[in-house]
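I opened this notebook to record what I looked up in the structure shown below. The entries follow the order in which I consulted it.

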Amino acid sequence: MSRGYLSRLRGLALPVAALLAAELAMLATGAQSDAFARPSEILRAMWAAALDGSLAAASAQTLGNALLGLAMGGGIGLACGLWFGAVPRVGRLSALTVNLLRPLPSVALVPIAMLAFGFGYRMESAVVAFTCIWPMLMFAQDGVARIEPRLLEVAQVLGLRGLRRAWKIVLPAALPRIFVGLRLSLGIALTIAVTTEIVANPMGLGYGLSMAQQSLNPALMLALVIWIGVLGWAVNAGLLRLQERLFGRRGARP
Amino acid sequence: MTAALREASLDPSVAVRPAAQPLIRLDGVALDLGGRRIINGLDLALGRGEFVCVVGPSGCGKTTLLRLLSGLVRPTSGRILRDDRNVDGPAQDVAIVFQDYGRALLPWRTVAGNVSLALEAARVPRAERSARIAPLLAQVGLAAHAAKYPAELSGGMQQRLQIARCLAQRPAVLLMDEPFGALDAMTRQSLQDDLLALVRQHGTTVLFITHDLEEAIYLGDRVIALRANPGSQRSSLAQDIVIELPHPRDQLATREHPEFLRLRRFLFDFIQEPRP
């Protein structure tokens, strides 16, 4: 246990050293910049934003929009993916449509979403939803399509058909792939939410970031950049742990 | 397996002979796959409680025969009857033990959960399931591993688990497709003896496919040999030999029995694939 923590702390050595070096170098040269700030200034800005509650409020907005979009888009993607995977004919018919829509950069939808929904959480979560459809769809479809044929034969011999087969055999077999799709989608959802806020939507961390930039406050701007990175890392790490708990013993060998 | 079970198998009065009224009958069964005749003109009767082993060169349709009997595939011509009724699909009391146990088990369910699948499929009420799972696991020697996952078991234990799941179906017919082929020799021998005791206790009719002639003679009341590429003139059935070895079988005594050696010689000469 303690060894695990130690080795994890060791991973912090490089970034901490880099920050220290930057701090010292900038102090020594007395550099002044609109784009950069000393690590200590960034830390102070982050601390101030944390104290006055603005950081928490903006985080809640961004995360809320990301999760709302993920729930909608991920839900649609999951349903379609399960359907396409379970019925290969439908999967083949839909392939062209999916492949045409998927590479569309979701930020290109921001102007349309703005016209349809105006500013606010609806517009942002709609853009996030569109983005999240595709990874969920592809991983769910792949998970169902790649199910071990022998398991389907076992189901057939046992007389499991229809919904009972889907619930007891197909869905649990596809679940690990679906979970990978969920993990990817969440990362993408966070990215797209912040992007939409920077480009157009006046709320959340992305808006705060672009405000800090326009008011020539590099310390706060960089503090927000770092905070967004930490947030993304934490969300992914949480899901990885959940994944390990849910599926860890499946492939484990003593 | 429990000691009580082993003793039961030692009782000579339970020795099973082919019954007069066959449980399964194949009448002139033929099957084409991809334009090729795999099985042709097969007439066969399996008695109630009979242990029939199937041998033959690779590609002779051993596995296909098993799939025919399970109802997973239908014959191109001819009839397959069980209790005088046409076999037209998988039945609850016909179980298949696959060779690739690793793929036939649900990796996301525990040992007990895998056995439970067969009970759930048979719509056994939840309250009764655990009372049926425990004795089944005890029968195959997995009572202490109920909470483990398949990936945490050895190959032999995984195959025991698959057999337990099949027994949960309370099968009248047990179809086994080279079930011990991937196991090491020691594990295979202990599974052979445990299987014989189990099916004798339950009176199960077994069709056992193997490429191991000694295994076929050791286990079987009868050994049938299939012919590869029968064409449309010859029957797939090349040999049908009743094994007159005494029960219970014993890994040393049976394998040293003169009759065992004679049969082995006979089948070996017959089955040997032509050298290039």
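I began with a definition: two strands pair if DSSP finds at least two bridges between them. Helices (H or I, at least four residues) and strands (E, at least two) are DSSP runs, numbered from the N terminus.

I noted the conventions next. This is a predicted model, in which local features need pLDDT of at least 70 and side-chain atom pairs count only at pLDDT 80 or more, while totals for chains, interfaces and linings use all residues. Residues are numbered from 1 along each chain as its sequence is written, chains are lettered from A and ligands numbered from 1 in the order in which they are written, and side-chain values use heavy atoms, with hydrogens and water left out.

**Entry 1: chain B as a whole.** I found 10 helices and 10 strands in chain B. Its radius of gyration (taken over C-alpha atoms) is 19 Å, close to the 19 Å from the globule rule for 276 residues, so chain B is as compact as a globular protein of that length. The globule rule is 2.2 Å times the number of residues to the power 0.38. I noted that the C-alpha atoms of chain B fill a box of roughly 55 × 40 × 40 Å along the principal axes. Of its 276 residues, 53% count as buried, meaning under 20% relative accessible area (1.4 Å probe, protein chains only).

**Entry 2: the sheet.** I traced an open sheet of six strands in chain B, with mixed pairing and the order β6-β7-β8-β3-β9-β10. The edge strands, each pairing on one side only, are β6 (94-97) and β10 (237-242) of chain B.

**Entry 3: strand β6(B).** I saw that β6(B) runs parallel to β7 (residues 173-177) of chain B, and that four bridges join them. Which residue of β7(B) is the bridge partner of B:I96? I identified B:L175.

**Entry 4: the nonpolar core.** A nonpolar core is a set of buried Ala, Val, Leu, Ile, Met, Phe, Trp, Tyr and Cys residues joined through side-chain atoms within 4.5 Å. The largest has 97 residues, and B:I163 and B:L174 are among those that touch the most other members. Leaving aside neighbours within four places in sequence, I listed the contacts (heavy atoms within 4.5 Å) of B:I163, which include B:V97, B:M176 and B:F180.

Note on methods:
Buried means under 20% relative accessible area, exposed over 50%, partly exposed in between (1.4 Å probe, protein chains only).
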